[in-house]
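Please open the structure in your viewer and have the selection tool ready.

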Amino acid sequence: MDKIDKQILAILQEDASTPVAEIAEKVNLSSTPCWRRIQKLEEDGVILRRVALLDADKLNVGVTVFVSIKTSQHNAGWYAQFSNTVKLIPEVVEFYRMSGNIDYLLRVVVPNIAAYDTVYQKLTQSNALFDVNASFAMEQIKHTTALPLDYAGLD
C-alpha cells in the first residue's frame with residue numbers, strides 16, 4: 001500500500017460516494033488507474049463495504065448504552081448460544097470479547113431506558129450471565145468511522 005492508496009482511502013472514509021473522477025483529481029491520477037486501485041483495495045479486503053451513516057436521533061435510537069458482561073461460562077457451547085443471541089438483537093450495534101475484568105462489551109442503541117430493558121431481558125433470559133452492567137452515554141464527544149491510515153503498509 002502506497003501513499004496514493006492511503007489518500008484514496010482517506011477520501012472514501014470521508015465520503016464513499018465521491019465520484020472516481022473527483023478522487024482521481026485529488027490524488028493526481030487519471031480515472032482509470034484510480035478506479036483500478038479502488039478495485040484492488042476491494043479485492044484485497046481493505047475496503048470491506050460502502051455504507052450510509054445514519055442519524056441515530058432522527059431514527060429514534062439516540063440513547064447509547066455500553067453493556068459490560070461477565071460470565072462464569074467459558075465453553076464453546078455457551079459462547080455459541082450467547083453469540084447467536086446477541087447477533088439477533090438489532091439494537092446491539094457492536095459486540096466484543098474482551099480481556100481484563102469483563103468478558104464481553106456491547107454497544108446498544110435504543111430510544112429510552114424501557115427499550116434497553118427489553119434488550120436486557122433478551123440477553124439474560126437465554127444465557128447464564130454472572131454480571132451485567134449498563135452505562136448510559138451522557139454525551140458523545142468523539143465519533144468517527146475513519147480508521148487511522150498512518151500504520152497501513154508497515155510491518
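The residues that line the largest pocket comprise 24 nonpolar, eight polar and 10 charged residues. Please keep in mind throughout that the model is a predicted one.

**First stop: the largest pocket**

Select Val51, Leu53, His143, Thr144 and Thr145, which lie nearest the centre of the largest pocket among the 42 residues that line it. The space in this pocket amounts to about 1,800 Å³. Next, colour α1 (3-14), β1, β2 (92-97) and β3, the elements that each give two or more residues to the lining. Which element supplies the largest share of the lining? It is α1, with four residues.

**Second stop: the nonpolar cores**

Now select Val67, Ile69, Phe82, Leu106, Val108 and Leu123. Of the 16 residues in the largest nonpolar core, these touch the most other members. Two or more residues of this core come from each of β1 (63-70), α4, β3 (104-110) and α5. The largest share, four residues, belongs to β3.

Centre the view on Val67 and display its surroundings. Apart from neighbours within four places in sequence, Val67 has contacts that include Tyr104, Leu105, Leu106 and Val108. Tyr116, Val132, Asn133 and Ala134 are also in contact with Val67.

Then select Ile11, Leu12, Ile23 and Ala24, which are among the 12 residues of a second, separate core.

**Third stop: the aromatic pairs**

A pair of aromatic rings is described by the distance between the centres and the angle between the planes. In this model there are eight aromatic pairs. Begin with Trp78 and Phe82, whose rings are stacked, with 4.9 Å from centre to centre and 15 degrees between the planes. Both residues lie in helix α4 (residues 76-87), where they are four residues apart, about one turn of the helix. Are they buried or exposed? Trp78 is buried, with a relative accessible area of 7%, and Phe82 is buried as well, at 0%.

Move on to Tyr116 and Phe136, an edge-to-face pair with 5.6 Å from centre to centre and 80 degrees between the planes. Tyr116 lies in helix α5 (residues 113-125) and Phe136 in strand β4 (residues 131-136), so this pair ties together parts that are 20 residues apart in sequence. Tyr116 is buried, with a relative accessible area of 7%, whereas Phe136 is partly exposed, at 32%.

Finally, select Trp78, Tyr79, Phe82, Phe95 and Tyr104 together: ring pairs link these residues into a cluster.

Note on methods: Residues numbered from 1 in each chain as written. Predicted model: local features only at pLDDT ≥ 70, side-chain atom pairs only at ≥ 80, totals over all residues. Heavy atoms only, no water. Phe/Tyr/Trp six-rings, centres within 6.5 Å; stacked < 30°, edge-to-face > 60°. Buried < 20%, exposed > 50% of the residue type's maximum accessible area, 1.4 Å probe, protein only. Core = buried A, V, L, I, M, F, W, Y, C linked by side-chain atoms within 4.5 Å. Contact = heavy atoms within 4.5 Å. 1 Å grid on protein atoms, 1.4 Å probe; cavity = no way out; pocket = protein on both sides within 12 Å on 5 of 7 lines; lining within 4 Å. Points joined across faces, edges and corners; volume = space filled by probe spheres on them. Nonpolar A, V, L, I, M, F, W, Y, C, P; charged D, E, K, R; others polar.
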